[in-house]
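Let us walk through this fold step by step. Keep the sequence and the coordinates side by side as you read.

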Amino acid sequence: MAVTSNKPEVVATSRYSINETCAILGITRKTLAKYTTAGQIECGFRKATLRKFYTGLSILKFWMAAV
């Protein structure tokens with residue numbers, strides 16, 4: 001699946017959930033997991049819940065490399 005050609009409108013220092021990141025990039029959760037496992041996009045983990053998140057900066061870096 002291709003990443004959206006529109007530049008993501010994100011705040012570099014903000015954190016985005018998996019669903020938000022998928023919507024921003026126009027990809028599925030499975031595709032995002034594949035890119036994360038391959039090291040193409042970096043994620044972090046919330047301390048309290050250990051849920052994954054993506055920063056606006058990592059989303060922009062990934063988008064620039066993918067387009």
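A residue counts as buried when its relative accessible area is under 20%, and as exposed when that area is over 50%; anything in between is partly exposed. By that rule, Tyr35 is buried, and Phe62 is buried too. Bear in mind that this is a predicted model.

The structure holds one aromatic pair. The ring centres of Tyr35 and Phe62 lie 4.9 Å apart, and their planes meet at 50 degrees, so the pair is tilted. Tyr35 belongs to helix 2 and Phe62 to helix 3, so this contact ties together parts that are 27 residues apart in sequence.

Now widen the view to the core. In soluble globular proteins, nonpolar side chains tend to be buried together. Here the largest nonpolar core has 14 residues. Tyr35 and Phe62 are among those that touch the most other members, along with Val3, Leu25, Ile27, Leu32 and Ile41. Helix 3 gives the most, with four residues.

Next, the strands. Strand 3 (residues 52-55) pairs with strand 1 (residues 15-16) in the antiparallel sense, over two bridges. Within this pairing, Tyr16 has Tyr54 as its bridge partner. Strand 3 also pairs with strand 2 (residues 44-45), again antiparallel and over two bridges. There, Gly44 stands opposite Phe53. Strand 2 and strand 3 form a hairpin, with six residues between them. In the turn, Leu50 has a positive phi of about 60 degrees.

Phe53 has a further contact. Arg15 lies over the face of its ring, at 4.2 Å from the ring centre.

That leaves the cysteines. How many disulfides does a search of the whole structure find? The search finds zero. Cys43 has a relative accessible area of 22%, so it is partly exposed.

Key. Residues are numbered from 1 along each chain as its sequence is written. This is a predicted model: local features need pLDDT of at least 70, side-chain atom pairs count only at pLDDT 80 or more; totals for chains, interfaces and linings use all residues. Side-chain values use heavy atoms; hydrogens and water are left out. Two strands pair if DSSP finds at least two bridges between them. A nonpolar core is a set of buried Ala, Val, Leu, Ile, Met, Phe, Trp, Tyr and Cys residues joined through side-chain atoms within 4.5 Å. Buried means under 20% relative accessible area, exposed over 50%, partly exposed in between (1.4 Å probe, protein chains only). A disulfide is a pair of cysteine sulfur atoms within 2.5 Å. Rings of Phe, Tyr and Trp (its six-membered ring) pair if their centres lie within 6.5 Å; planes under 30 degrees apart count as stacked, over 60 as edge-to-face and the rest as tilted. A charge sits over a ring if NZ of Lys or CZ of Arg is within 6 Å of the ring centre and within 35 degrees of the ring normal.
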